[in-house]
Amino acid sequence: MQLPERFMNKVSIDSDTGCWNWTASTTEGYGSYWNNGKVNRSHRYAYTTAYDYELQPGEVVCHKCDNRQCVNPKHLFVGTQQDNMSDMVKKNRHTGKLHTSDVSIIRKMIQQGYSGNHIAAIYGVSKHAISAIKNGRTFIAV
Ligand SMILES: [Zn+2]
């Protein structure tokens, strides 16, 4: 689903990173978006609106790009606070390698219906690594 124009008017697109930087007010570095008399975190609004997704209790919208102001739905994914996924992703993303601790999270993401491509992009690994996990083989390239 398309994001409303009122929302997009507050976004400045960075052509280098592809980040959609929030230009209106922020709280703790995250954009704030007023809609229907309620304040939303703008990245959460962007993700749930773009993908028509309803967050379950405990789920949070995380950034792949580590840019809190970014509201590009393609740079966002759903994680849980408990898993602290954003930190784990941050730690491993640049190495292109998976660690044992990633595997259970990736399984969970597969269960949540994330595509192999999507997960591979988040972790910076090949699709094969993800499908190996999906097929129950333990693929750990440390
Ligand atoms: Zn971004």
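This is a predicted model: local features need pLDDT of at least 70, side-chain atom pairs count only at pLDDT 80 or more; totals for chains, interfaces and linings use all residues.
Local features need pLDDT of at least 70 and side-chain atom pairs pLDDT 80 or more, while totals for chains, interfaces and linings use all residues. Residues are numbered from 1 along each chain as its sequence is written, and side-chain values use heavy atoms, without hydrogens and water.

**View A. The aromatic pair F7 and W22.** The structure holds seven aromatic pairs (rings of Phe, Tyr and Trp, the latter by its six-membered ring, with centres within 6.5 Å; planes under 30 degrees apart are stacked, over 60 edge-to-face, the rest tilted). F7 and W22 form a tilted pair, at 4.9 Å centre to centre and 45 degrees between the planes. Because F7 lies in helix 1 (residues 5-8) and W22 in strand 2 (residues 20-22), the pair ties together parts 15 residues apart in sequence. Helices (H or I, at least four residues) and strands (E, at least two) are DSSP runs numbered from the N terminus. Both residues are buried (under 20% relative accessible area; exposed is over 50%, partly exposed in between; 1.4 Å probe, protein chains only). F7 and W22 belong to one aromatic cluster with Y33 and Y45.

**View B. The aromatic pair Y47 and Y53.** The ring centres are 6.0 Å apart and the planes stand at 80 degrees, so the pair is edge-to-face. Y47 is buried at 6% relative accessible area, whereas Y53 is partly exposed at 27%.

**View C. Helix 6 (residues 127-134).** Its buried residues are A129, I130, A132 and I133. They pack against helix 4 (100-111) and helix 5 (116-123), contact meaning heavy atoms within 4.5 Å. H128 and K134, on the other side of helix 6, are exposed. G136 follows helix 6 and has a positive phi, near 90 degrees.
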